[in-house]
Amino acid sequence: MSQVLTTNPATARELASYTAMTDTDIDAAVYRAETAQRQWAALTLDQRGEVISTAARLLRGEVEALALLMTREMGKPLHESRAEIEKCAVGLDFYAENAPQLLHDTPYETAADQSWVSYEPLGVVLAIMPWNFPLWQVFRFTAPALMAGNAALLKHSPNTTGTALAAQRIIEAAGAPAGLLTALIIAEPDVAQVTTRLIDDDRVAAVTLTGSERAGAAVGANAGRAIKKSVLELGGADPFIVLADADLDAAVHHAVEARFLNAGQSCISPKRFLVDKRIVGDFIDGVHRGIAALTVGDPEQDGTDIGPLARNDLRTLVASQVNDTLVRGATLVAGGASLTDREGWFYEPTLLTEVPHGSPAYDEEIFGPVATVVAFDGDDDAIRIANATRFGLGASVWSTDIDKATQIGKRVVSGACFVNAPVASDVRIPFGGAKRSGYGRELADAGIREFVNARTWWTNKQATGAAR
């Protein structure tokens, strides 16, 4: 039988082996999910909320063990793993507490005696999730989807299989019906075929994916062919626009912090620093100093700022993108190489300047610890460069003139725009992309209403025809 292996990216040593599911196993999982969903949907929102809030308590009770598992599977420093688990718990608590209000019937004034919209579950939702935030991505979807009365089939990245199984265990231990959240263990060569089959399955009502542009295009096409709801959160090349009047020290601090979080492996990490030419030299100097202060090392050790990249092929791709950018004329200020003096898949924190149009660092998403600086000359130039990408996930603008920063932000195409703050996801506000960064929204009220049937009701005490 096929095996799914997990490997510690800090040591390149195998962690665990899992037996991949057969077609029969997967069919049984879909059956269990469908059965569990009917049981779950019959509960009141308060009853569901008790289970989801219990899951939050269980997460907090296992923070150290879960953080170590995440770190060993995908390489982020332990302090980042702990923070991610707390964010998951906050998200679960938010929906447990607020779902009754967010899903409350919405009344409408019509010619009927009463008319309203109810928000009812779709059924079983397939969730295809990435490795970079292996618990947050799962619970960011699971918390609202389950509170709305759905069940979930989780196709996680193979390299975070242990984390996927832990998420399933937490939900079941909290009191959910067995099968309400099922982690599907699928061998890498079978992923495309199994995913297509699941989307085509009449028992699966919808699909959500967080991942690459390529994967999103395939899943979106399959969902469209099956005429099923889909939500896609894909890649990003977020601009971080620094105006001449910005608080430069604050901008530099947040630039370094945001870009190198999780070794730069984040869709909403600022990938392109667009800086007014009058201050670009000072900005580069500040970021260079910030990079020099970062500690690259064992993610299980206190004091480590940057761990390894999650897989060796990912490091190879980052190295190729950096090298190609340098060949095309960019300037290397710091880093620029794989660290081969140690075990694992480490890459130096890197700073590139004078990056030309047509190079990977200008046109593509670099999913690693690489900061790219491009100077602009005036607001129109900044906006032109910011929009010169097929992506549109997030953007941030830095200035002491909030009104001006907001006006510039309005001219940048993105799903989110932050002023004097790095882009982040927060359970209290919707999150999603534009252009080829995807469609649909997660979190807040929009997130919980993505996977519901917004059902129209029209009632009269006496028989009558509706207005047409």
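Two strands are taken to pair if DSSP finds at least two bridges between them. Helices (H or I, at least four residues) and strands (E, at least two) are DSSP runs, numbered from the N terminus. The model is predicted: local features need pLDDT of at least 70, side-chain atom pairs count only at pLDDT 80 or more, and totals for chains, interfaces and linings use all residues. Residues are numbered from 1 along each chain as its sequence is written, and side-chain values use heavy atoms, with hydrogens and water left out.

**View A. Pairing of β4 with β22.** Eight bridges join β4 to strand β22 (residues 452-459) in the antiparallel sense. Gln-114 lies opposite Thr-459 of β22.

View B. Strand β3 (residues 106-107) and strand β4 (residues 114-121) run antiparallel and are joined by two bridges. Thr-106 faces Val-117 in β4.

**View C. The hairpin of β1 and β2.** Six bridges hold strand β1 (residues 3-8) and strand β2 (residues 13-19) in an antiparallel pair. Opposite Gln-3 stands Thr-19 of β2. Four residues lie between the strands of this hairpin, in which Ala-12 adopts a positive phi near 60°.

**View D. The buried side of helix α7.** In helix α7 (residues 191-200), Val-191, Val-194, Thr-195, Leu-198 and Ile-199 are buried (under 20% relative accessible area, 1.4 Å probe, protein chains only). These residues are on the same side of α7 because they cover an arc of only 135° around the axis, the arc being that of the directions from the helix axis to the C-beta atoms. The buried residues of α7 pack against α1 (23-41), β5 (124-128), β6 (151-155), β8 (204-210) and α8 (213-226), contact meaning heavy atoms within 4.5 Å.

Technical notes:
Buried means under 20% relative accessible area, exposed over 50%, partly exposed in between (1.4 Å probe, protein chains only).
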